[in-house]
Amino acid sequence: MTPRSGSWLSFSEAFDLPLAVDLRTAARALGLSPSTAYKLIHQGGFPCPVLRLGWQYRIPTADLLRALGIEERPVYLADLRDGADFAEQRDRATEFKREDYA
């Protein structure tokens, strides 16, 4: 089934989603047309939990990603480098403080 409201979400777009998304965004991520998504909600067959907030539907992003088979956010090499740089700076700051008190 192909989405009618644009192309599917890429991985980078999916990982940049807010904590909850509107129904059109969730339908796009799942490759559904918005009308099919509404039908599935009314039939109780939408593939993840749906929150009804007034007249709007919201889908928690974590549940949407799980429905897509994405359990965790991938770790990229850049993330590892940033973490290593942070740890190195923290260790240097700790050593500097120890020298002041010695």
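1. Helix 2 is followed by Gly-31, which has a positive phi, near 75°. Helices here are DSSP runs (H or I, at least four residues), strands likewise (E, at least two), both numbered from the N terminus.

2. This is a predicted model: local features need pLDDT of at least 70, side-chain atom pairs count only at pLDDT 80 or more, and totals for chains, interfaces and linings use all residues. Residues are numbered from 1 along each chain as its sequence is written, and side-chain values use heavy atoms, with hydrogens and water left out.

3. The chain has a mean pLDDT (the predictor's confidence in each residue, from 0 to 100) of 77, and 61% of its residues reach 70 or more. Residues 1–5 fall below 50. Where pLDDT is low, the predicted coordinates should not be read in detail.

4. Which residues of helix 2 (residues 23–30) are buried? They are Leu-23, Ala-26, Ala-27, Ala-29 and Leu-30, where buried means under 20% relative accessible area with a 1.4 Å probe, protein chains only. They lie on the same side of helix 2 because they cover an arc of only 160° around the axis, taken from the directions from the helix axis to the C-beta atoms.

5. That buried set packs against strand 1 (20–22), helix 3, strand 3 (56–60) and helix 4 (61–67).

6. Leaving aside neighbours within four places in sequence, Leu-64 has contacts (heavy atoms within 4.5 Å) that include Ala-26, Ala-29 and Leu-30, as well as Cys-48 and Ile-59.

Key: Buried < 20%, exposed > 50% of the residue type's maximum accessible area, 1.4 Å probe, protein only.
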